[in-house]
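Okay, thanks for making time, everyone. Let me put the model up, and then I'll walk you through its packing.

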Amino acid sequence: MTDLGRDAQDRVFVEAEQLLKLGKMKLAEEKFSQFINEAERLKASGIESPSKEWSRLLAEAYNNRGQIKYLRVDFDEAVEDYTMALRERPQYAVALYNRGQIHYRLARFEQGIQDFEQALKIQPDFPDAALALKTAREDLEDSLKKWQST
């Protein structure tokens with residue numbers, strides 16, 4: 001990709017983040033989608049192999065768009081975006097935590113626990129993930145006890 005193309009893409013990403021911070025979710029989602037679609041198109045074309053920075057931005061774009069989808073309770077699409085973020089950046093603890101939160105909310109405790117554990121392996125000082133892991137384990141245990149007593 002030319003520097004001009006990369007600069008334009010970077011501007012789209014920055015604009016999407018600004019819109020997200022302002023709470024303009026629909027516009028932010030559109031900008032993140034624009035960034036993602038162009039980045040994926042360029043990757044697929046083989047024009048340029050993505051740099052670490054490019055992959056980091058793409059992972060953040062997927063994660064942020066996933067967060068928007070999560071907030072509007074579109075859980076399946078949010079999980080897809082978090083998974084795509086992890087494809088770009090497998091050691092992305094926040095994306096693992098976010099995906100784990102959805103699994104937990106949908107009572108898919110084992111999947112949530114796996115994501116929380118992985119997030120903590122990557123980032124041991126992640127208190128939200130530690131609390132979510134503890135809660136998910138407790139709720140899984142309670143769920144199993146209830147199931148066994150019926």
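Before the aromatics, one working definition: I'm calling two rings of Phe, Tyr or Trp a pair if their centres lie within 6.5 Å, taking the six-membered ring for Trp. And keep in mind that this is a predicted model.

With that cut-off, Phe13, Phe32, Phe35 and Trp54 form one aromatic cluster. Searching the whole structure turns up seven aromatic pairs. Take Phe13 and Phe32: the ring centres are 6.0 Å apart and the planes sit at 70°, so that's an edge-to-face pair. Phe13 is in helix H1 and Phe32 in helix H2, so the pair ties together parts 19 residues apart in sequence. Are those two buried or exposed? Both Phe13 and Phe32 are buried.

Another pair I like is Tyr97 with Phe126. Here the centres are 5.2 Å apart with the planes at 45°, so we call it tilted. Tyr97 belongs to helix H5 and Phe126 to the loop between H6 and H7, so this pair ties together parts 29 residues apart in sequence. Again, both Tyr97 and Phe126 are buried.

Now, the core. The largest nonpolar core has 34 residues, and the ones touching the most other members are Phe32, Phe35 and Phe126. Which elements give two or more residues to it? Those are helices H1 (3–21), H2 (25–45), H3 (52–71), H4 (75–88), H5 (93–105), H6 (109–122) and H7 (127–149). H3 gives the most, with seven residues.

Leaving out residues up to four places away in sequence, Phe32 touches Phe13, Ala16, Glu17, Leu20, Ala61, Asn64, Arg65 and Ile68.

One more ring to look at: the charged end of Arg89 sits over the ring of Tyr92, 4.0 Å from the ring centre.

Last thing, the backbone. Most residues other than glycine have a negative phi. Val73 isn't a glycine, yet its phi is positive, about 65°. You'll find Val73 in the loop between H3 and H4, and it's exposed, with a relative accessible area of 53%. Ala107 also has a positive phi, near 60°. Ala107 lies in the loop between H5 and H6. With a relative accessible area of 49%, Ala107 counts as partly exposed.

That's my tour, so over to you.

Definitions and conventions:
Residues are numbered from 1 along each chain as its sequence is written. This is a predicted model: local features need pLDDT of at least 70, side-chain atom pairs count only at pLDDT 80 or more; totals for chains, interfaces and linings use all residues. Side-chain values use heavy atoms; hydrogens and water are left out. A nonpolar core is a set of buried Ala, Val, Leu, Ile, Met, Phe, Trp, Tyr and Cys residues joined through side-chain atoms within 4.5 Å. Buried means under 20% relative accessible area, exposed over 50%, partly exposed in between (1.4 Å probe, protein chains only). Helices (H or I, at least four residues) and strands (E, at least two) are DSSP runs, numbered from the N terminus. Contact means heavy atoms within 4.5 Å. Rings of Phe, Tyr and Trp (its six-membered ring) pair if their centres lie within 6.5 Å; planes under 30 degrees apart count as stacked, over 60 as edge-to-face and the rest as tilted. A charge sits over a ring if NZ of Lys or CZ of Arg is within 6 Å of the ring centre and within 35 degrees of the ring normal.
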